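This report goes through selected features of the structure shown below.

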Amino acid sequence: MNRATHAAGRTMIHVVLIVVAFVSIAPVAVIVSIALKTNTELATNPLGLPQRWLFSNFAEAWVEAGIGRYILNSIIVVLPTLVIVVVVASLAGYAFALLRFPGRDILFAVFLIGLTLPAVSIVIALSFIQQSMGLFNTLPGLILAEAALCIPLAVFLMRAAFRDLPGELREAVLVDGGTEVTSLVRVMFPLARPAVSAVTVLTFLTVWNDYLLPLVLINTESLRTIPLGLAFLKTAFTADVVLIAASTTLAAIPSIVIYALLQRQFISGITQGSIK
Amino acid sequence: MTRGWGRLTPYLFILPAAAIYGIFLVAPLAQTAVMSLWSWNGLTPDYSWVGLDNYVRLLTDSAVWSAALNNLRWVVLAVFPILIGLGLAVLLHQARPAGRGVYRALFFLPYVLATVVVALAWGWIYHPTFGTLNSALRALGLDQLTQNWLGDPQLALTALATAANWTGFGFCMTLFLSGLNTIDPSLYDAAKVDGASTWQRFRHITLPALANTMNAVVLIVFINTVRVFDIVFVLTAGGPAGATEVLGTKIYRETFQNLDIGYGSAIAMLMALIILLTSVVYLRLRERDA
Amino acid sequence: MNRSFAAVSTAAVVIGLTLSGCTGSAGQTAAPGTDKTIDYWGFSGGVASTTAKSVIAAFEESHPGYTVNAVTMDTADFDVKLPSTLGQDSGPDLVYTGTEPNHLGRYVKVGQVSSLADVWGDRGWDKLVPSSQERLTYDDTPYAVGNELETVGLMYNKVILDRLGIAVPTSLAELEQAMDKVKAAGDGTIPMVLACGGPCYAGLHMMHALGYATIPTATILATTPVGTGNYTDPGWLQMLEKFKAWNDTGYFTPDASGIPDENHTASFCTGTTAFMVKGPWMFAAMAECEKENPDKFQFGFVGFPVNDGMPFQAYVGTGKAWFLSSGLDSDPEKRAAVLDLVSAFTDAATFTSWIETDGLFPAIEFDPSAYKLSDPQKAALTIMNDAGANGGAVDIGFNNSAEETQTWVAGLQGILAGTSTPQDLVGNLQAQLEKDRAAWDAQKK
């Protein structure tokens, strides 16, 4: 292959990549550009850039649509869920990976069923159960429900991670007089960093973007999470497309910021998670 | 010292996870299975036992078959993000273009967005009059190509699936990239020395090495496709004229709008069964080949 | 490192759960007489409007010890939450929702709504307009108190009509001529806006308009669970064929089946459409539009013109109503308090606020001259008076059951997209009506 073909080939590659990059960003850019226009402008000049970049629309969206509250609720829900999932999945994954006990494989298979389950199958039964427990329409109730949704995959991943570690490490701790708990906390868990990272990222994405569970379990305005709030806005501001767009942009910002900051962790997390 | 506890330790370790999982996932699942055997409106303690009637009904219900068919079409369309992801991964990995870190990050961005955000964005793109897509076509003088993307029963499902695929291709690409990173580069060098072409190198080195990754990608994409709900619900609510009704929205409709909880539960059990069986079969088959 | 991790994560969980516990509100199980929280779920008109807020505040002052926990809901919220919570402790005590059999009716059917027969006369609700009372009565028992008297009429953009020299149409034929003129002008203006994507509310409103414009009210009223009419009776097919003809002629927004509901008002507001079919609940939004685009948009409201030779008729109904959960029947003291709240909402003293501030009409007779009415409001009242005895409280498409509404929506979308015919829709509607009637009868036994 001579230099010319080589150069042409490289250019082609860049063209392809740029086109794909454009496709990746375009829809997001569309929302932002709508958010900066007025409703009239939207009807008359759909494709072009906004005439005046109305950043005031964002302020209006923040105030009128209460996006701040939604973001706060999403944070309040996601953080405890993350901690709960990582802790209980590590414990369970450790047991499944390194300990021998009757019923181990069956119990693990039961956890795997949850991997394939569609949430819409169980939401109404879940709402009945939470009502009878007094957890309906509460954030703790939502946290526990989201945790339950994420636990199967988390257990699966932690088990795989612990299985990959040499068993001698655990034996060394026990021989020294330590307990299983010491072995887990002092030795195994720190070594399973990549898996923990995976669990964190996957759980975060699932819970932060979840629409169905909050829809069924939360009905107080002040407890709405972001996806729920956004969908509600759609019906509340029917003639004000610009306001909806501005609110959507604001709601998407936390995800994008967190992603930008923790990019490497996200990508390595997803990678680890799914291969196993 | 820990002898007495020793026997119980594994169970204690599993207990917290099992408790949360059991109460908030398994119990509702069991209740759904039970509810599918009754006819109930969910409001009054006024249920009547119908046994397997709900299942018989759904087997003869053309609306359920049509929804399942839509899921199947969606699955077929989901091949594209897999192939595109594979192609991009190979491109980024083998050709090593400048700025590939930036490209990787950008391609993954759609996956991070909430489905509701994605639905809203693509809703405007697809608007027949002042949507981005048709406006762009008109600006390019291609007026005859403009379509009623979400309103034409022939096109609506494909339009929706495309929006969903847009979020997925970066995810597939990322998985393939990590799989590619595990391949020993000297294999390629040896093959080049032996005179193997690009295509031959791809077929005989790359693809087999990606087998595990491919399994994972296909399975995850399949499960998510059968489970799809959010984007359909927000954008078309199953319309126009049922053209985008999928099993997920059908379950929602029967359970929450028609108040036929038994029937909705039966369809839900059907969906869970489809996913479970297909996953097991697929994994068994691939394990045999490996 | 591990110790601190454990400490930090424990702290995070504890803090998180506490915070969420503080902001959440669990349903309390309480013995009758001790629970003084009134859980009130409603559409925004009855919860977040100026009038509603001041009524609730005044109620809490006059009823010390009682708090009203008011939640704004939309249709999706009601759909997923009411079925599993009504009648339970975690459910609402008071609900403000739509009056159709599809909403109120089905909860009455299953006994989840408290009968108001014992207080109806005492609390003056027998003064509700007759059509409202009829709508809210099942088996001779009143179950809900109506509000938001509404109609569906023809909205038009004065700027466009003036520019094209079109007079406000007074008959259906004149409306069609007006729409022809708009098309003939050839400047891209759309005669009649329509958006039938998603739940297709605009399409269903169009059915109200076209239905009452071409079908005798008696025929419309007969297709209810307790009526004896059929969709196969003359009138329905013709109305749907006119709908199809209007679409084929190009009166409607092109590709209407692909335009989601929330986008179509914008088209009217920004002066790209001449006509729109809507009701008084949109007046506030229209006033906003006028302020934003004064040179492009000035809106007028008039009765949707009917066929020549027909007496003027229109949909005149009650948009929303308050009903009580039957769970309150075991707690007379609380039930009385909730009834006081509803009485407060419907007290004549609130009419000024409802009408002038929130732009909503009460469903009780009132003297229009006592209030400052905007021109569109006057037009709406004129419609309701003219329709008079000929008006019907049935909002076509929301009649009998959720399945029937879905049948309408699917049928209209099919007609617009060209994949099904008016005949198909009539057949499907009739089949569904028969199923609904059978279910209704079975329920009564």
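## Strand β1 of chain C

Strand β1 (residues 37-42) of chain C has five of its six residues buried, so it is largely enclosed by the rest of the structure. A residue is buried if 20 or more other C-beta atoms lie within 10 Å of its own, exposed if 12 or fewer, and partly exposed in between, with C-beta atoms placed from the backbone. Helices (H or I, at least four residues) and strands (E, at least two) are DSSP runs, numbered from the N terminus. This is a predicted model, in which local features need pLDDT of at least 70 and side-chain atom pairs count only at pLDDT 80 or more, while totals for chains, interfaces and linings use all residues. Residues are numbered from 1 along each chain as its sequence is written, and chains are lettered from A and ligands numbered from 1 in the order in which they are written.

β1(C) pairs with β2(C) in the parallel sense over six bridges; two strands pair if DSSP finds at least two bridges between them. In this pairing C:T37 stands opposite C:T67 in β2(C). β1(C) also pairs in the parallel sense with strand β3 (residues 94-98) of chain C, over three bridges. There, C:G42 has C:Y96 in β3(C) as its bridge partner.

## The six-stranded sheet

These strands belong to an open sheet of six strands in chain C, with the order β2-β1-β3-β11-β6-β12 and mixed pairing. Its edge strands, each pairing on one side only, are β2 (67-72) and β12 (361-362) of chain C. Strand β6 (residues 145-151) of chain C runs antiparallel to strand β11 (residues 316-324) of chain C, and six bridges join them. The bridge partner of C:N147 is C:K320 in β11(C).

Helix α16 (residues 375-387) of chain C lies across β6 and β11 of chain C, at about 100° to β6(C). Axes are lines fitted to C-alpha atoms, for helices over the stretch in contact, and angles run from 0 to 180 degrees between N-to-C directions. Strand β6 of chain C also holds C:E148, whose phi is near 60°, a positive value in a residue other than glycine. C:E148 is buried, with 26 other C-beta atoms within 10 Å.

Strand β7 (residues 153-157) of chain C is joined to β10(C) by four bridges, and the two run antiparallel. C:M155 stands opposite C:F301 in β10(C). Strand β10 (residues 299-302) of chain C has C:F299 and C:F301 on a covered face, and C:G300 and C:V302 on an uncovered one.

Chain A has 14 helices and zero strands. Of its 276 residues, 57% count as buried. Among contacts in chain A between residues at least 6 apart in sequence, 76% join residues at least 24 apart; two residues are in contact if their C-beta atoms, placed from the backbone, lie within 7 Å.

The contact between chains A and B takes 71 residues from chain B and 69 residues from chain A. On the side of chain B that touches chain A, helix α1 (residues 3-35) of chain B gives the most, with 17 residues. By class, that side has 53 nonpolar, 16 polar and two charged residues. Ala, Val, Leu, Ile, Met, Phe, Trp, Tyr, Cys and Pro count as nonpolar, Asp, Glu, Lys and Arg as charged, and the others, Gly among them, as polar.

## The largest nonpolar core

The largest nonpolar core has 308 residues, and those with the most contacts inside it are A:V85, A:A89, A:I151 and A:V199. Helix α4 (residues 67-98) of chain A gives the most to this core, with 19 residues. Such a core is a set of buried Ala, Val, Leu, Ile, Met, Phe, Trp, Tyr and Cys residues joined through C-beta atoms within 7 Å. Not counting residues up to four places away in sequence, A:I151 touches residues including A:V85, A:A89, B:A17 and B:I20.

## The contact between chains C and B

In this contact, 32 residues of chain C meet 25 residues of chain B. α17(C) gives the most to the side of chain C that touches chain B, with seven residues. By class, this side has 14 nonpolar, 14 polar and four charged residues.

## A loop in chain B

B:A237 lies in the loop between α12 and α13 of chain B. Its phi is near 55°, a positive value in a residue other than glycine, and with 23 C-beta neighbours inside 10 Å B:A237 counts as buried. B:P240 lies in the loop between α12 (230-235) and α13 (247-257) of chain B, and the peptide bond from B:G239 to B:P240 is cis, with omega near -15°.
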